[in-house]
Amino acid sequence: MSARARLVMFLAAALSLGVLVLWAYGGLPDFGHYRGPYGDVLNAVSVPERNITDVVTAVNFDYRGFDTLGEEFILFAAVIGVAILLRAQRDEEQREASEFAFGRSAPRTSDAVRVVALSLAGPTVVTGLYIVAHGHLTPGGGFQGGVVLATALLLVYLAGEYSFLRRAAPLSLVEVCEAIGGGGFAVIGLAGLIAGAAYMENVLPLGQVGQLNSAGTVPLINLAVGLEVAAGFVLILVEFLEQTLMVRLKEPT
Amino acid sequence: MRSALQLVTLTLVAGGGLGVVLTRDPLRQAVVVSFFGMLLGILFFVFQAPDVALSEIVTGAVAAPLMILLALAKVRGGAE
């Protein structure tokens, strides 16, 4: 097919797709004019029924909690997959590295990067914990807060403190946190069964609207998810860094 | 009914997306895609979805570019 014929075909396809997209766009409801029934029902019901002021969290960790359990285990499986994939290769590298026996040293970091990264690490931890703890009150929750927490350890690495990173988050501890976080969600769901209700039903006392210790099981689930996500990302981070550091060791030849 | 702020952020996101596509070097693309994730986060925030905005910022602006950078470091380190 010649270049000209391809161009004609592309233009014809792009034109018809463009017309269809514009047509579909014309049929969309206006911004803020929601047509489905569920959003309005949840907006009206979730604050008096569950004492949760963030309706998105109410859907994710209460009304649709079982669905989120599945989503969490998608991340869990992905992290395990990355860890297994990288670990098998690391053993091969380690054997080679021991043959060469170079000094283990991470690359030098400039002072400016060190100061910025280290001064940001503390506030990042606090922000992450805040987002995890206030998931049922304000936007955010375990997933977002967990990633922010993991970012704090990335900052420590960027500051060139890789040995501190390994001491602050040893792999065995991170793995245990990952397992507790992942399993904790499923176990909290069992509370519903023990209380004689359905699995994942919110059976704990709901407290006062707007208080930190309100909304029953939701803050606990957020905590478990935050732990799982933070540990998962740190695990991936450390596994990747081990790989690149190991490769760096070989470079001086 | 759309406000000027919404139009500005929509234009920024369109420009950012174009920027990601036009950047051909994967290493630079990781940085540009991080910036694009930030813009998308602002867009969601302007359209009154702060929960989605937070998720977009942590995945689009932090987690995904980080994974790309780490994978690039791994691939390039192995190739040299």
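**Entry 1: a helix end**
I started with Ile194(A), which I found in helix 8 of chain A, a helix covering residues 171-194. A reminder to myself: this is a predicted model.

**Entry 2: the inside**
Next I went looking for the largest nonpolar core, and I found that it has 45 residues. Leu165(A), Phe185(A), Ile221(A), Val234(A) and Leu241(A) have the most contacts inside it. I listed the elements that give two or more residues to this core, and they include helix 4 (65-100) and helix 9 (218-250) of chain A, as well as helix 3 (50-79) of chain B. Helix 9 of chain A provides the largest share, 14 residues.

I then picked out Ile221(A) and set aside its neighbours within four places in sequence; it is in contact with Phe61(A), Phe185(A), Ile188(A) and Met200(A).

**Entry 3: where the chains meet**
Last, I turned to the two chains. The contact involves 24 residues of chain A and 20 residues of chain B. Together the chains bury about 1900 Å², and 73% of that is on carbon and sulfur atoms. On the chain B side, I saw that Asp51(B), Leu70(B) and Lys74(B) lose the most area to chain A, together 31% of what that side buries. I also checked for salt bridges across this interface and found 0.

Methods:
Residues numbered from 1 in each chain as written. Chains lettered and ligands numbered in written order. Predicted model: local features only at pLDDT ≥ 70, side-chain atom pairs only at ≥ 80, totals over all residues. Heavy atoms only, no water. Helix = DSSP H or I, 4+ residues; strand = E, 2+ residues; numbered from the N terminus. Core = buried A, V, L, I, M, F, W, Y, C linked by side-chain atoms within 4.5 Å. Buried < 20%, exposed > 50% of the residue type's maximum accessible area, 1.4 Å probe, protein only. Contact = heavy atoms within 4.5 Å. Buried area = accessible area lost by both parts, 1.4 Å probe. Salt bridge = Lys/Arg side-chain N within 4 Å of Asp/Glu carboxyl O.
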